[in-house]
Each structure stands twice: as structure tokens, then as C-alpha cells.
Amino acid sequence: MAKKELLKVDGLKQYFPIKGGMMGRTVNHVKAVDDISFTIYEGETVSIVGESGCGKSTTGRAILRLEEPTEGTVTFNGHELTSLSKREMRKLRKDLQIIFQDPYASINPRQTVADVLDEAMTIQKVLPAKERRKRIIELLETVGLNEYQADRYPHEFSGGQRQRIGIARALSVNPKLIICDEAVSALDVSIQAQVLNLLQELQKDFKLTYLFISHDLGVVRHISDRVIVMYLGKIVEIGDKYSIFENPKHPYTKALLSAIPVPDPTREKKHIVLTGDVPSPIDPPTGCRFHTRCPFAQEKCKVDVPELSTHASMINGHEAACHFVEEIENGTLQAEGFEEAVF
Amino acid sequence: MNSVLLEVEDLRTTFYTDDAEVKAVDGVSFVLRKGKTLGIVGESGSGKSITALSILKLLANNGKIVGGKVQFKGEDLLTYSDKKMRDIRGNAISMIFQEPMTSLNPVFTVGQQISESIMKHQNLSKKEALVKSVELLKLVGIPSPDKRVKQYPYELSGGMRQRVMIAMALACNPEILIADEPTTALDVTIQAQILRLIRDLQKRLGMSVIMITHDLGVVAETCDSVAVMYAGQVVEYSDVVTLFQQPKHPYTIGLMNSLPRHDVELEKLESIQGNVPNPKEMPLGCRFAPRCPAATDLCRREMPELMKDTEGNDIRCWIYSEKWEGEAEVIVYGEKRIAESRRTETILSD
């Protein structure tokens, strides 16, 4: 079956101005997202992972034009989103929904659950008013809540239940793509598993496409088909989940995966521990943005920005943005301590 | 076997609100040995942080320790006066918190804050204390410590702030370091740095550590023994290898089965149904019974005590008692998981 492109992001940049000085002029920019491109196909789950400040949430928001992108194009189902008027964009938002991280902050506390869902359907003219109540009940049942809870207020629900309300709201307008921005990060593991399972069932039932934004690599491995790894506003590696988790090529991806504590006390506690902090996105390092923390960094890395490229040992569109993928792979380039450091 | 440094016995802490009594901690027992790390693991609201605060008697005004013992080197801290307790806190037992920004004072420099406890507990002058502060910052791996010591918390990154917190906690060479979710607010690469730092310092200084966390990965990598908490109680307490290889309590098993893993491929997560009970209306019997797939009438009727099993580990579950009559086979841990992880390994080796 030919894969159908649903969302295509091309050369996306999101710079936030920093005002300062006497006249409140723009003195500099935070380069939150700096020239990224990727495609999402219909029915798949693509995740963006990275640490705080890497630009993963900004990417999600820029796609929906919750913040106007500085540069680049976002094509959704044949429509070029960045050139649409506000009115046209609002219509299209029916197909593009988002679930936020904090279920406490993203639902109006003065609306009942039924009001929340009704409002979404009214704005998008999904159903005539008469049929909406029935649909609301249906939606609640879909996400594992009960009919009698429809007229309750958000404060009467637990965190996991509130996240279910957020999911029901996103589903109420029959979207094609849902952006899940750290949608399960605030939940405890036992509840997180419930919500992840729910998201997977819904994907099957309603043929949804997910853009899943998360910092939790366990969650990402579980839910994704393909994974994008970001560092300081750039994509450093992209590939299907087996490639990213079992055959990572970029030194950052390797370090990131290796830094996660494994819930198995008998496993040897070896980690690659990166030194230092993530540099500021206001004045990111020249060349490869990771070179300040990369144990393999060479002169070239300080000057040339690496492009995403694929190599012999990489399959299925797996690409990494590193000048020395092959040299690291065949051992001609070695770094002291990398892969060796015992925790 | 190393000597016992701290022994908590059946600790109970209750908070009194306008309309209810909340039994936040209701039956916590564990032992901390010299030089070892004890993990307290549980989800939000399980009482793990309140347990730590109770040990140091740092409870809010409406909180009261209503029962139990906290034996530190043979003496019950619960009988100590406020003044005596002040000599313990930050001295013999110190604590680091989850949010390094809110636990540091924004209007004092890093040096002033570290010096405070040094001057109090070690009778050093301001100047000497500042010199010691620089040494401590160096110890926790902060680059150019003589410059950093004059900076304010806002000038430091999250990882740096947590290092400062650790420096502060170590200022008086504590025998016990209580780390309450020390890496939860940090990114994984920074978390790895901090966990390694705590581990290194522990080895060098011979401290005992109580590691409070919700992250089973952190537990597996840092702890020697683990107390699993649910709804204010310890439900399982054993050494770390036993806990991960043969978890016994249905809650522990459920917790491990619902954990998505980055290192092995899982087909489906087994979630625990339902929600944590409201602490104002705790179930009559076992607190996990409403969510437990094996629960029987006995479980719903009577609360199980923390019992010793045949291997000397503690478990709070009727299944492992003589009273049990139900089907013990209901809960199977991990066979599927283990099979799956083997499969991943074979795919890799091909």
C-alpha cells in the first residue's frame, strides 16, 4: 500500500524575538526551531523526542499556527497552512487537534465536561445541536468515562480522567491528525499505561495519525512507528523506531538512550554521561550544535553544519546529522570514555 | 552485614483538615544500613515524601506523627525536642528536594546559603565557611567554583542548582542523605550526571542514602533495598534484585507491567485499572483491593499487615498468608515481558 503524505513540514523556523535596550527593540532571537523538515504519513505515529528546550513543543505549536512560524511551509493534506487566512485556518483545525500536557490547565474549570465537548462541536459545526448530546455520551464512553459524568466540572476528576476529557475534546471534531504534546507526562505510570493503551485503541478505531511529542523514551518506543530526535532546534536523527532504539547513529541519540536508567538491577550499569549543559538557543554553537558536548567532535564539527544523511548501515529512511557516522561506526574515530563510563 | 543506622517502625502521620483526617502515612517500616541506599518508590500521593519529612519532623502545622518509631543510632527521633532536632537536621541527616529552584533562596548567593549551615553546625567564621563552600562546590563538580559561589540561583541551570543543593546537604558530612525525587525535574542526560555524582559521593564519604522516587529505573540503578509504597503504606519491602525479578505484591507487579521500556519491545502495556483511593475515604480492607485483579472478600474486609515471607522480605498481601483461599495464580508477572525481551535480543544478535 502506498503511503499517503498527510503532513509535510519543510524548512520550518521559529525564532522568538528578545526585546531589550532603550527602545524595546529586538536585540536578539531565541532560535527555538531552526530549519527542520519531515513528513508524516497517514495512520502512523511519529514522535519527536528531546530534552527541554530542544524545540519539540514549539514544532507542534508552529504546525497548528498557535504561534506563527518565522519561516518555512507546513502542508497538510494538500493545503499550505502558513499561507491560509485565520478564518480558513480555523476551519482546518477541525482536522488537526492537540492534546496538552497539563490536563489541569488545558480545560476551562467553569465548564462542565458536556460544555467543553459541545463548544468544540459548535465551533466546528460538526453536528446539529440536537444530536450533540448523544455524541457527547458516545465520546465519553469511547474514552472510558461514564454518561453520569457528563455534567460534572473538571475539578471533580483525577488527572488521568482529565486527560481522557482532553482526548474526548480532540476526538469530538473527528480529526485526522492529533498532536499529543507531552500528553502522558504528568500522569503516574499506572494511569499513563491506561491512557497510552486508549490512544492506541483510538488510533485503530478512527484511523488517526499522531504526532507524539515527549521527553520519555520509554513511552516513545512503545507508541511510535517513527522517531525524530531533536537537539537545540535541529533534527539530529530520524528513523523508524527500531533504527533509533536499536541502531542509533548520532552520538547525541546514543548518549540520550544510554542515560536512561534501566529498570533491571542485574544489568550492568554503564552509561555515557555527557558533560555540561545544553547551550543557550539564543546563541547556539556554530557548526554542529552538539559539538560542545560531543566526545567525538573534530574541527570540522565546529564549522560545518551537518545535514541529515543516510549510510550503508542504515535502513528505511533512517538519517542522522553527523559528519562522522561512518568513522565512528568503523572505529577510525574513537572517543575516550564513550560507551565505557560505568555508572 | 552492615550496621543498622536508621530503623523506621510502623510510622504513622496524619494531617488534620477542616473536614477530615488524612492518614498520609499509615504503616511504614524499613531499615537503612550504613553506606547503603534505600529506595522508597510509589506514585503521587503514596506518602513517600511525607515519610521523609516525618523522619526529620518537618511537617506542616496540621500534620502530626501519631504513631511509630524512628530509631536513629538507637535513639527515637520522635522523642527529641525541637532544639535537639535542629542539631540533627542538615548535620547528621540532610535532605535534598525535587525542585532546586524553589528550595534555594533567590535573594542570597549560593555561597551564603551553603555557609549558613556550616556556621551553625561547625562554629566556623563567615570567611572560613565561604572557603569551605568553594571546596564543596568543587566536590560536586561545579566548574570555576570561586566564581559560582558569588552567584545567585537564577544564574545557574537546573542541573547546577541541584548540585548546589547537594553541596549544601553535604556541608556537615551527614550520615544520611535523604534525596526526595532529586532528578525528577531534570533532563535525562543531566539526571545521569546527578545520579553518578550522588553515587560517587556516597562511596567517598560513606553516607547512607534514602532515595525517594517514582522512577523504577532510578531505583534499579541506585538502590540496595526498596520499599514500595501505596496509599500511605509500605506494601512490599525487599532487596532490589528480588523486587525486580520476583515482585510479589499485585501492585508492584502491576506497576512493573505498566512501565513502557526504551530498552525492550513490548506489545501491550498491562495497565492497573482504576485510580488511587481518595485518602479521605480509604478502603476498609487492603487499600489496593479495589484495583487488584486477585482481590477476594477477605481483601475487601480486612487490612493485611506487613508480613515476613519465607525469604525474609516484607509483604502486605493476603495471598502470601495462611488465611488465603483464593486463586493465587491470577497474577503472573513478567513471563511475557521476559519472553519479549529475549525476542528483541535475538533480533539484535542476528
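**Note on a predicted two-chain model**

1. In chain B, 8 strands make an open sheet of mixed pairing, in the order 6-7-8-3-9-10-12-11. Its edge strands, which pair on one side only, are strand 6 (93–96) and strand 11 (307–308) of chain B. Helices (H or I, at least four residues) and strands (E, at least two) are DSSP runs numbered from the N terminus, and two strands count as paired if DSSP finds at least two bridges between them. Strand 11 of chain B runs antiparallel to strand 12 (residues 314–315) of chain B, with 2 bridges; Lys308(B) is opposite Asp314(B) in strand 12 of chain B.

2. On the source: this is a predicted model, in which local features need pLDDT of at least 70 and side-chain atom pairs count only at pLDDT 80 or more, while totals for chains, interfaces and linings use all residues. Residues are numbered from 1 along each chain as its sequence is written, and chains are lettered from A and ligands numbered from 1 in the order in which they are written.

3. An unreviewed UniProt entry annotates residues 6–256 of chain B as "domain: ABC transporter"; such annotations may be inferred rather than shown by experiment, and the positions are given in the numbering used here, with feature names shortened. Over residues 6–256 of chain B, the chain is 40% helix and 27% strand, with the end C-alpha atoms 28 Å apart.

4. The largest nonpolar core has 187 residues, of which Ala167(B) and Ile210(B) touch the most other members. Its largest share, 8 residues, comes from helix 7 (residues 158–170) of chain B. A nonpolar core here is a set of buried Ala, Val, Leu, Ile, Met, Phe, Trp, Tyr and Cys residues joined through C-beta atoms within 7 Å. Buried means 20 or more other C-beta atoms within 10 Å of the residue's own, with C-beta atoms placed from the backbone. Leaving out residues up to four places away in sequence, Ile210(B) touches Leu32(B), Leu38(B), Ile40(B), Ala52(B), Ile176(B), Ile178(B) and Ala179(B).

5. The contact between the chains takes 38 residues from chain B and 35 residues from chain A; contact means C-beta atoms, placed from the backbone, within 7 Å. On the side of chain B that touches chain A, helix 8 of chain B gives the largest share, 8 residues. That side divides into 16 nonpolar, 13 polar and 9 charged residues, where Ala, Val, Leu, Ile, Met, Phe, Trp, Tyr, Cys and Pro count as nonpolar, Asp, Glu, Lys and Arg as charged, and the others, Gly among them, as polar.

6. Helix 6 (residues 189–206) of chain A has 18 residues and spans 25 Å from first C-alpha to last, close to the 26 Å expected at 1.5 Å a residue; the expected span is 1.5 Å times one less than the number of residues. Its buried residues include Val189(A), Ile191(A), Leu196(A) and Leu199(A). The cover over the buried residues of helix 6 of chain A includes helix 5 (159–171) and helix 7 (217–223) of chain A, together with helix 11 of chain B. Lys207(A), which follows helix 6 of chain A, has a positive phi, near 50°.

7. Strand 3 (residues 45–49) of chain A is largely enclosed by the rest of the structure, because 5 of its 5 residues are buried. Thr45(A), Ser47(A) and Val49(A) lie on one side, Val46(A) and Ile48(A) on the other. Strand 3 of chain A runs parallel to strand 8 (residues 209–214) of chain A, joined by 5 bridges, with Val49(A) opposite Ser214(A) in strand 8 of chain A.

Conventions. Two residues are in contact if their C-beta atoms, placed from the backbone, lie within 7 Å. A residue is buried if 20 or more other C-beta atoms lie within 10 Å of its own, exposed if 12 or fewer, and partly exposed in between; C-beta atoms are placed from the backbone.
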